[in-house]
Amino acid sequence: MVRFNIFDISRRRLFVILLAAFAFAFAIWFINTLPYKGFWDHFYTYKQIGTHFCEQTNMEALIRQPINTFSNFIYLLAAMAILRRGFKDRHKRNRYNIISANPFYSITLGCILIYIFSASVFFHSSLIVFASDMDYSAVYSLSLFPLMYFTHRVWLLRIGVASNQRHPLSTRTLIIVFSALYLLLTFFWPQRFSDEVVLGLIIALVIFGFIVEYEDPGKTNRYYLLTSIVTILFAVMWFIFDQKKIICNPESVIQPHSLWHLFSGISVFYFYMYIRSEKNRI
């Protein structure tokens, strides 16, 4: 089985990525040179937000946390790659799994990643409460996506339908149910329970993933799944380090929370490669 290495890219694409990253970093630096001080003071902010993260926070700047803001670039990068594949799938006749049979999955995940990029950039730039709510809603959308995929595969397994065949009833039903779940978590669920909700979703998708791999083995590249799991564990580790101020240097250009962004973005991309690697025996 052919494996994809995230570091195995052409020189042209590498140049474009580095150029885009440099442009984003330059934009952050330039915005913070503008003579607008205290812009976010008119918005509601948690009292301890200035010391909540390890990164040294300039509450007078337009972009209060430049490093944590810049590290969100990984989400945009993954979104562009996934959206590109999704739009290509719309014009292909060969459909070998749920992802190729339903380009909706690729396009949705790409849009979710763009939303995460936008919400997290907004939050780490402003640190205001409204932006924090947006950031949490983005995390909910990303957490629900893998669960929706595994639920879809379990459904098709139970009714004996090959995953490369379109099944409109299951697709429509899952879109409605998971959209309702997202709206419930975003607008009605107390934010103080958000960490527990995300943990519960992770446990549920692990259970469903085990069921799928146990009942329908040998169709996916588990190297991708293993990489996704390992990188998300590293991401969670850095998230905890940032909260507990472990290995914390506020003036460093490498911050624990920025590493959370980096590893979680890589994890999402490899999860996409995992679900895309599924092949039916035709």
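Colleague: What makes Phe 271 buried?

Modeller: This is a predicted model. The relative accessible area of Phe 271 is 9%. Buried means under 20%, so Phe 271 counts as buried.

Colleague: And why is Tyr 149 called buried?

Modeller: Its relative accessible area is 0%. That is under 20%, so Tyr 149 is buried.

Colleague: Why is the pair of Tyr 149 and Phe 271 called edge-to-face?

Modeller: The ring centres lie 6.3 Å apart, and pairing needs centres within 6.5 Å. The planes stand at 90°. Over 60 degrees counts as edge-to-face, so that label applies to Tyr 149 and Phe 271. The pair links distant parts of the chain, with Tyr 149 in helix α6 and Phe 271 in helix α10, 122 residues apart. Both residues belong to one aromatic cluster, whose members include Phe 104 and Tyr 274.

Colleague: How do you know that Cys 54 and Cys 248 form a disulfide?

Modeller: Their sulfur atoms are 2.1 Å apart. The cut-off is within 2.5 Å, so the pair qualifies as a disulfide. The structure holds one disulfide.

Colleague: What does the pair of Cys 54 and Cys 248 tie together?

Modeller: Cys 54 lies in the loop between α1 and α2, and Cys 248 in the loop between α9 and α10, so the pair ties together parts 194 residues apart in sequence.

Colleague: Is Cys 248 buried or partly exposed?

Modeller: Partly exposed, with a relative accessible area of 27%. Buried would need under 20%, and exposed over 50%. Cys 54, at 3%, counts as buried.

Conventions:
Residues numbered from 1 in each chain as written. Predicted model: local features only at pLDDT ≥ 70, side-chain atom pairs only at ≥ 80, totals over all residues. Heavy atoms only, no water. Helix = DSSP H or I, 4+ residues; strand = E, 2+ residues; numbered from the N terminus. Buried < 20%, exposed > 50% of the residue type's maximum accessible area, 1.4 Å probe, protein only. Phe/Tyr/Trp six-rings, centres within 6.5 Å; stacked < 30°, edge-to-face > 60°.
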